[in-house]
Every structure is written in structure tokens, then in C-alpha cells.
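I opened this entry to record what I looked up in one chain. The notes follow the order in which I checked things.

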Amino acid sequence: MAQFQTMTARLLSSRPLSDYTKHLEFEVKGVPRFGFVAGQWLSVKTNTPDGEEMTRAYSIASPPSENNRFAFCLNRVHDGFMSNHLCKLAEGAEITFQGPFGSFILRPPMRDTVFIATGTGIAPLRSMLHWLLADRERHLGHQFSLLFGVRDEQDIYYREEFERLVADHPNFHFLPTLSRGGPEWKGLRGYVQEHVPGIVADRTDMHAYICGLDKMVSANRELLKSLGWDRKAILYEKYD
Ligand SMILES: Cc1cc2nc3c(=O)[nH]c(=O)nc-3n(C[C@H](O)[C@H](O)[C@H](O)COP(=O)(O)OP(=O)(O)OC[C@H]3O[C@@H](n4cnc5c(N)ncnc54)[C@H](O)[C@@H]3O)c2cc1C
């Protein structure tokens, strides 16, 4: 299958999203179009200086398009090899990968949806939301809330972009919540799961898409199940 083929991509641009997070744009070599479904991930391979092969998964942060490009939203993990290797790449450098993989994708039929992420867990949700909101047919008649948990204001990755989507789409609601917001912060505070009951109210007919580290994903799954949600309505991707 094509997804198990090893492919090469060239880094087109790399820009910081915060002190330790970057947005990287790649172009897949040798193909006019790179197909994937919003929410999927790629398996990136490299060799460490002592020759050990290393493979790590990264969600595609950009929506599917007609070209051969994709983006990553990468967090530099302390003492982590791959995340630092990718964040240090110079423009024009190449990576090898396999994919796309994964079943963390939008389930038809569309329902009102709460998207829940912390940190770089925003990556696949950014892909899904751009894809959904790009076409009226995909989102008309549905409400979407993005609950995004980060530490402080500088960590609200893609903030202006999500605020523009809010301005253009009355059915999209962007709710960043800060665990360590300063006194000037007027928005939500605390962990994402504290705000989920307020968003879903007493409804159990929605979908939830949750992405981030295991502890957060598990807390939100348990919470939604305790509110009477069917587990099949709760889609999730864990990064650890
Ligand atoms: C399906 C999937 C999609 C993913 N998508 C993304 C993505 O879009 N962006 C992204 O930045 N990461 C993503 N990850 C995490 C990524 O695959 C790596 O685990 C991460 O980059 C660390 O790799 P490393 O080689 O730098 O560190 P490692 O050498 O693997 O780990 C170093 C240390 O950091 C801890 N650690 C590992 N991962 C994390 C983490 N994510 N946060 C905090 N501590 C960690 C480890 O326990 C270890 O102690 C995804 C993971 C999965 C399974």
C-alpha cells in the first residue's frame, strides 16, 4: 500500500509558535499531490548520530489540499531526539516518512461537535477545522466549539487564525483556557475538562474529538461517559 512507501519531504519554512513550539511546512518530493484525511499522522524516520533508527508519529496540522504540502506543529520535548532534530532543521532540509496513518478522522454524519486539545494536540484539530469550515456544505447547520488548553497566553498557537475563523463563521466558537494565565487574561482559566460540562450542557447527541497527552484525554473521556455519552461519540488521539 502507498502509505507504507517511504517518501521524502523538503522543509519549506519553519516558524516559532512559542518559545518551544514550531510550525513546519513541508513539500512532498516527486508527487504533484499528497493525499490524506484531516486528523491523520505521518511516521517520520531518522538515524541518531550512533546509527540507531528512530521513528516518531506527528499529526498533520494542515488541511488536505490539491497540492503536495503538509504542516507539522511540533513541541520541543526536553531531551527528546526527534522533536529537537525536526525543530532544528534548516529550510531546504529533507525528512523521510511513511503514511498517512490513523483513524482519528471526522465521522459522518456531521453533528454539533466539541474539539478538545492541549498543547500540540491542536495539530489534527486545526486540520479538521480548516477542512470543515472551508466548505458550507460540510458545516452548515452545525455548531463547533474548540476548547484549547495551554499554560499561558503566549502558548495559544494559531490564535489569530482561529479568531479569524470565528469572525467568518458564527457557528465556530474558540475557547482557549489557560492553566497559568496572568491577571490581565479575561478568558477561561483552568483545565479543559472543567469547561466541557458548560459546553455540552445536557446534550449527549454531539461528537467530541480529543487530542493530547493520555492524562487529559482519559479525564475528558471519563467525564463525557459520566455525562451519559456513548463511547463511540468520543474520538481521540493520544500522544504518549
Ligand atoms: C499519533 C501521534 C501523533 C503525534 N503528533 C504529534 C504532533 O503533532 N506534535 C508533537 O509535538 N508531538 C506529536 N506526537 C508525539 C511525538 O510522536 C513524540 O513522542 C515526541 O515528539 C517526542 O519524541 P522525541 O524523540 O523528541 O522524544 P523521546 O526521546 O521519545 O522522549 C523524551 C522524553 O520525553 C517524554 N515525552 C515523549 N513524548 C512527549 C510529549 N509529547 N510531551 C511531553 N513529554 C513527552 C518521554 O516520556 C521521554 O521521557 C504524536 C504522537 C503520536 C502517537
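**Sheet, helices, core and domains**

I began with a strand pair: strand S7 (residues 113-118) and strand S8 (residues 144-150) run parallel to each other and are joined over 6 bridges. The model is a predicted one.

I then went through the whole sheet. It is open and built of 6 strands, in the order S10-S9-S8-S7-S11-S12, with parallel pairing. At the edges I found strand S10 (188-189) and strand S12 (234-238), each of which pairs on one side only.

I returned to H2 for its geometry and burial. Helix H2 (residues 122-133) has 12 residues and reaches 16 Å from its first C-alpha to its last, close to the 16 Å expected at 1.5 Å a residue. Is H2 mostly covered or mostly exposed? It is mostly covered, with 10 of its 12 residues buried. The buried ones include Ile 122, Leu 125, Met 128, Leu 129, Trp 131 and Leu 132. Arg 126 and Ser 127 are also in the buried set.

The nonpolar core came next. The largest one holds 58 residues, and those touching the most other members are Phe 115, Ile 116, Leu 125, Leu 146, Leu 147 and Ala 208. H2 supplies the largest share of this core, 7 residues. I also noted that the core draws at least three residues from each of domain 1 (2-101) and domain 2 (113-238). In general, nonpolar side chains tend to be buried together in soluble globular proteins.

Leaving out residues up to four places away in sequence, Ala 208 touches Val 114, Ile 116, Leu 224, Ala 233, Ile 234 and Leu 235.

Last, I checked the domains. The domain assignment gives domain 1 (2-101) and domain 2 (113-238). Their C-alpha centres lie 24 Å apart. The contact takes 15 residues from domain 1 and 15 residues from domain 2. On the domain 1 side, strand S1 (7-18) and strand S5 (69-75) each supply at least two residues. S5 gives the most to that side, with 4 residues.

Definitions and conventions. Residues numbered from 1 in each chain as written. Predicted model: local features only at pLDDT ≥ 70, side-chain atom pairs only at ≥ 80, totals over all residues. Expected span 1.5 Å × (residues − 1). Buried ≥ 20, exposed ≤ 12 C-beta atoms within 10 Å, placed from the backbone. Core = buried A, V, L, I, M, F, W, Y, C linked by C-beta atoms within 7 Å. Domains from an automatic or database assignment. Contact = placed C-beta atoms within 7 Å. Pairing = 2+ DSSP bridges.
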